[in-house]
Amino acid sequence: MYRKLCVCVLLAVMQSSATEFPQEKTNTQQKHSAHTILFLSDTQQPLWFETLRLKKQNNEEATQKIYSAIEKETSAVALFHLGDFTAAGMFDSYWEAFDAFHSHLTIPIYPAFGKHDYYFFPPNAKENFNRRFLIYSPSWYVKKIEHVAIVVLNSNFSFLSNDEQSAQTRWYNKELAKLDTDSTVSVVIVASHHPPYTNSTIVPPEERVQKEFATPFIKYKKCKIFLSGHAHAYEHFRKEEKDFLVIGGGGGLLHPLLPGSEQRYADISPLKNEQRFFHYVECELLPTELHFNVKMLRKDFSGFDIADRISIPYK
């Protein structure tokens, strides 16, 4: 009788534990199950004439470290690359590092054209680009991922015909208006290669991007954050309660920035040194907000740290 009672008690305890443990596991999974979107820009190799002005810092190794880190991002559902994939888009040999990365990446890549992606003979360079990204014609589009819409633009105006420039402008303004009233979209992210704002001493802010892309972006409520590259640095600006990030730290030669009182625009990023760091950006899709984590490659290349965190509420 005693033995039978003990067995019954033991079975009851085991059943209780078996009932509670899956619930605990489910809670843990829910806590860490948020999908992420990754953003990267300017992974091009240094060209020899660029090194006459800027110092090399194991740039190609930095790009490989970033590629390896991205491959291990298990919660990522997409990668957006904001251009300058390679130093000279017309040569297949310059694409080899990216092609190797791309060949075993398990998530889709959504591209923007960078300036170097047209080098040095635009027809051949565009052919190389389009062969790798077959579905992106025209070179501006919108991609919806869960409750977020990412609008990708082509800011290389000098490589676009007048008709293409006009078509993109019309499409962009119409698309922002449509997304702002779309009940399935909580946040709109706009991305282009060239930055509307930067304190780079190497490349200037792009006035046409300010006028044609940033001005409409600021107008619409759901437009929350504008991402760009081209300037090889990390910068964070805020205009009329909208966030603008420059994320050109994918491996190109790092740009020095204007210091202190010489800045064109107030940079609110936490690290104030005049030359920044190699990095990529992770965006967590949470129930009520987006979390942007700027993942900085350490100087000794031993791993990544969070250099900046930005929360973007949906309302």
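Reply: Begin with burial: a residue counts as buried when its relative accessible area is under 20%, as exposed when over 50%, and as partly exposed in between. Keep in mind that this is a predicted model. Here Arg276 and Asp267 are both buried.

Me: How much of the protein chain is buried?

Reply: Of its 315 residues, 52% are buried. The chain exposes about 15600 Å², and carbon and sulfur atoms supply 54% of that area.

Me: What do the side chains of Arg276 and Asp267 form?

Reply: In general, side chains of opposite charge can pair when their charged atoms come close. Arg276 and Asp267 meet in a salt bridge, at 2.9 Å from N to O. The count of salt bridges is 11.

Me: Which parts of the chain does the pair of Asp182 and Lys144 link?

Reply: Their side chains form a salt bridge at 2.7 Å, N to O. The pair links distant parts of the chain, 38 residues apart: Asp182 is in the loop between α5 and β6, and Lys144 is in strand β4. Asp182 has a relative accessible area of 15%, so it counts as buried, whereas Lys144, at 42%, is partly exposed.

Me: Is Glu282 buried or exposed?

Reply: Glu282 is buried because its relative accessible area is 9%, under the 20% cut-off. Glu282 belongs to strand β10, residues 279-285. Leaving out residues up to four places away in sequence, Glu282 touches several others, among them Thr36, Glu73, His291 and Lys295.

Terms used. Residues are numbered from 1 along each chain as its sequence is written. This is a predicted model: local features need pLDDT of at least 70, side-chain atom pairs count only at pLDDT 80 or more; totals for chains, interfaces and linings use all residues. Side-chain values use heavy atoms; hydrogens and water are left out. Helices (H or I, at least four residues) and strands (E, at least two) are DSSP runs, numbered from the N terminus. Buried means under 20% relative accessible area, exposed over 50%, partly exposed in between (1.4 Å probe, protein chains only). Contact means heavy atoms within 4.5 Å. Accessible areas come from the Shrake-Rupley method with a 1.4 Å probe; for residues, only the protein chains shown count as cover. A salt bridge is a side-chain nitrogen of Lys or Arg within 4 Å of a carboxyl oxygen of Asp or Glu.
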